[in-house]
Amino acid sequence: MKIIKTDELLNLINNLGKEMDIWAPVGDSFERVPSLKTVEIPQGTTHFSAKEIFFPKEQTLLTYKREDGNFELDSVPLPDAKGVIFGLRSCDLVAIAEMDEFFTGRTYTDVYYQKLREGMLLFGVACKQAAPTCFCNWFDPDVPVNPGVADVYLYPLENYLLATSTTERGEKMLSSFPDADEESLEKLERFKLESIASLPEKQETDGLADRIYELFDDKQFWQGTFDRCLGCGICTFVCPTCHCFDIQEEIINRVGRRYRLWDSCQFSLFTLEASGLNPRPTRFERMRQRFMDKLSYSYKEFGKYQCVGCGRCVVMCPANIDIREVIAKSCTVSRGGG
Amino acid sequence: MDSVTSQIRERAKALLSEGKVDVVIGFTEGTIPFTARPVAVAHPEEVECLVWNRFCRLNLASYLRQFKDKKIGIIAKGCDTRSIAILCTEQQVNRDNIYIIGIPCEGMLSRKTLRERFGDTPEKVEIKDDIIEVTTSGKKESVPISNFLDTACRFCIHPNPVVYDEMIDDEVPIRVSQEEHYSLLREFEKKSPDERWKYFREEFSKCIRCYACREACPTCYCEECFVDSLNPKWIDKGFSESDLSIWHLTRLYHQAGRCVECGNCSAVCPVGIDFNVMTQKLSLDALQMFQYEAGMSIDEKPLLQTFKQDDYNDFVM
């Protein structure tokens, strides 16, 4: 654990900024800024997560030419960007770890994601005080003060910060700073306790994946949520772990482009098959799918919930669909016995 | 409790108990500040959850089609009733199956504007007459409610229900004149073509293609939206200026003579695209060219489904 003063941190990041982009929370989202002016970030999370930096909402995969009925590959434009992302919350870091696993940690490595992700230095900032819509502790009680996959992880104490790192490149950046003294470490412990205490009462998530799985065809359970669902894709687009994409082709004057776009399980085309069959034909199945995927399938398949408790979908849903209620309700509904 | 809320509960309970309706669509308290959430109440004992307040922003007519096979009671503001009328004339819902409880509307508040001012999650929000009291980090602020009126509500000329089976409370006075109603558009029209195009570009470039504008619009109900058609594929779904402009402008044109300017599209947009100038234009064109206002009666045929000898035809060469 290192001690770093506010202006030293600003210098560190702004120096990095000479050779790379600086991203920081600005209003609703993470934006490119010419320089970092403050290490203060608003309570809670931004409306939009940082996923767009690694997983752009539109990304060209390849280009080609079409001549005499033949297709000729023109280019595979691998993205190339270097940046430092400041102000990631711990829930965001959990989400990035899940994205990493999805895009690069299994059988297939997505080079487009990998290139952008590798180019980004992650600066996490521990939460001093959770926002009322935060519920990361439902999935892991230590999340709000957890460094996760951050290159540099910061604990903002009174007028300086403590910094730690979980990667080699992060360690390198911090190597010149002094180690934290006893007094700072005591302060850190108090900071952590206060942070965790600011979170809401933990809802039981042991066995959640099974509970939700069993509720799959319990129409009554889903009805109230479905009644208000408008069927837009906001919840999935603001979610830091939603990573589904669609691949499209575009040909203009014999020059073609294959590109991917964010897709959403809330859209009717998402599961439309070439035969015309749509296994999730109505908004009801699509609304339910998001909860099944976040709270059950992902856990059963990969041992992790695809919800990190950031509360973005809760804040952003125009109809106020609240995933916390779905989780809480699943605890009180009994099946079979009652 | 506010008297409108108690009357809504009373009437919903009676309608459900008497079996006049199977379900009542209304609003209930939200789980986050500045929000009332839509709810469908199916049992008389559940009516206590219904509320009426200045956050009942959404146009509930958007939910009618999903209860098509039921007898529906619906709590409806002026704009909601006009959308219901359109859905009836376009034969999307059957007027006989809908019981409209009209509520004169004093104008709803914009969640977006309130959040910009007070953040997403203040500790306490209270409305006292025309003042909103918001407590953030222990500090209480009192601000006139009019600062936070949704744009569509600010320029609304039909706050009172137009089509209804019964009305709760007295009609509210109309706050703006016909001319004031179009003031955003009038200002916009003064701009040069370049400035206007710049406005369109800037607004559309924010789009993330979540399609909330479409899903929240009561009159966007095509089984297959043109943007989703694969064969033929009308437009690309990327984020280029042309793709985004074609998407939004075409969706808006499809609302010509149908848009009631409820402002749902702007209110639900997560990135703050402001469609109000564009919807005012749709409405003014219908009014000036055809003396038609959308959704003012269920007996009038939809504007674009009728033809009269003396229809406006200056655009014919």
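**A tour of chain B**

This is a predicted model, in which local features need pLDDT of at least 70, side-chain atom pairs count only at pLDDT 80 or more, and totals for chains, interfaces and linings use all residues. Residues are numbered from 1 along each chain as its sequence is written, and chains are lettered from A and ligands numbered from 1 in the order in which they are written.

Begin by colouring chain B by domain: domain 1 covers 3–110 + 149–305 and domain 2 covers 111–148, with bounds from an automatic or database domain assignment. The C-alpha centres of domain 1 and domain 2 of chain B are 25 Å apart. Next, select their contact (C-beta atoms, placed from the backbone, within 7 Å), to which domain 1 of chain B gives 11 residues and domain 2 of chain B gives 12 residues.

Then select Phe34(B), in the loop between strand E1 (23–29) and strand E2 (36–41) of chain B; strands (E, at least two residues) and helices (H or I, at least four) are DSSP runs, numbered from the N terminus. Phe34(B) is not a glycine, yet has a positive phi of about 60°. It is buried (20 or more other C-beta atoms, placed from the backbone, within 10 Å of its own), because it has 23 such neighbours.

Move on to Asp129(B), in the loop between strand E5 (124–128) and strand E6 (131–136) of chain B. Its phi is also positive, about 50°. Asp129(B) counts as exposed (12 or fewer neighbours), because it has 7.

Finally, select Pro232(B), in the loop between helix H8 (212–216) and helix H9 (241–253) of chain B. A cis peptide bond, with omega about 0°, links Asn231(B) to Pro232(B).

How values were computed
Two residues are in contact if their C-beta atoms, placed from the backbone, lie within 7 Å.
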